[in-house]
Amino acid sequence: MVLTGCSSASAPAGAPAAANAKPNANAKAGGAPTSGGSTAPKDSGSLPMDAYIFLSDKDQRVVQQAMSLVTRDCMKRFGFDYQPPAPDQSSSGDSPKHYGFGVDDVKQAQLWGYHSPQQQVTQPAPAEPDDGKSSPSHLVLIGGVKSAGGQAVPEGGCKGEAESKVLGPDLSKDQETALSGPNADGKDTTPGGPAGHDPRVQDALKAWKSCMNKAGFNYSVPFDGPKQFLKGPGQAVQPSAPEIASAVADATCKQQVNLNGIWFQAETDLENTFIEQHATALNEVQKQRADEVKRAAAIVASGS
């Protein structure tokens, strides 16, 4: 099936995924020019692969609505009144933003350190009691039973039926590889991903490290700061004074050497080359995406 949303295919190892992902499904691969040094803004926008990876906010909402309708009708056939979860309305409507080595907004760092401004939870949600049993409705929803009420349950349950009717056929292996981007096998752990090998990025990293040393922070790579202060689920929402000091110096140095802008330029160049090499498979993916949205729109229009 065609995936309806994911993070950037070529997000660098250890880096945050693209935020506010809103691609243009019909956009042509492009991006910043491939010459010389970069002047990309610190909040860099769409990368060339985004046109193949993401659906627009509008299209994503249509697909989600269609999935909910098909799932609801399927559950109704088995006698269950299924109420799908409310659709995600969190998107800001902005273009995807890619921070190659972490956010470099000094004002944000002063307020939140390395934390996300959207973070709301101070402790992980308590786990629901697990008695080893699932309700009959849940089993039909996920395909945990072969039949219910004398009817065969679709493969993958009612969720599987929705995926089949809305998302369509699975991607081929070539399409999956192409959609995974330049770091398809995930083996390149270089800071910044494959684009991190670019001499421009290496020079910028050296300049960033020198800047951080002068500020009193002995970090080897930009991910050292977040690793030190962000400990995963259960961490405090409010950043500590040492974290803010580190994050502010980090963001300031990134801006001074244009680290993210230079990474964005190198990543753009890399993705453009990759797209040329995998044009056939990626064009097929775009067609499947367009077909997916058409199917979803037809389901929403009919109400089932």
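**View 1. Salt bridges in the predicted model.** Seven salt bridges are counted when a salt bridge is taken as a side-chain nitrogen of Lys or Arg within 4 Å of a carboxyl oxygen of Asp or Glu. The model is predicted, so that local features need pLDDT of at least 70 and side-chain atom pairs count only at pLDDT 80 or more, while totals for chains, interfaces and linings use all residues. Residues are numbered from 1 along each chain as its sequence is written, and side-chain values use heavy atoms, with hydrogens and water left out.

**View 2. The salt bridge between R72 and D73**. The closest N and O atoms of R72 and D73 are 2.9 Å apart. Both residues are classed by relative accessible area, where buried means under 20%, exposed over 50% and partly exposed in between (1.4 Å probe, protein chains only). D73 counts as partly exposed because its relative accessibility is 22%, and R72 likewise counts as partly exposed, at 33%.

**View 3. Helix α9 and its surroundings**. Helices are DSSP runs of H or I with at least four residues, numbered from the N terminus, and α9 covers residues 241-257. The buried residues of α9 are E243, S246, A247, A249, D250, A251, C253, K254 and V257, and they pack against α3 (106-112), α7 (199-214), α8 (224-229) and α10 (259-277), contact meaning heavy atoms within 4.5 Å. After α9 comes N258, which has a positive phi, near 55°.

**View 4. The salt bridge between K254 and D250**. The side chains of these two residues meet at 3.4 Å, N to O. Because K254 and D250 lie four residues apart in helix α9, about one helical turn separates them. K254 counts as buried, with 2% relative accessibility, and D250 is also buried, its relative accessible area being 1%.

**View 5. The salt bridge between K287 and D291 in helix α11**. In this pair the closest N and O atoms are 3.1 Å apart. K287 and D291 are four residues apart in α11 (residues 279-302), and are therefore separated by about one helical turn. K287 is exposed, with a relative accessible area of 54%, whereas D291 is partly exposed, at 25%.

Terms used:
Helix = DSSP H or I, 4+ residues; strand = E, 2+ residues; numbered from the N terminus. Expected span 1.5 Å × (residues − 1).
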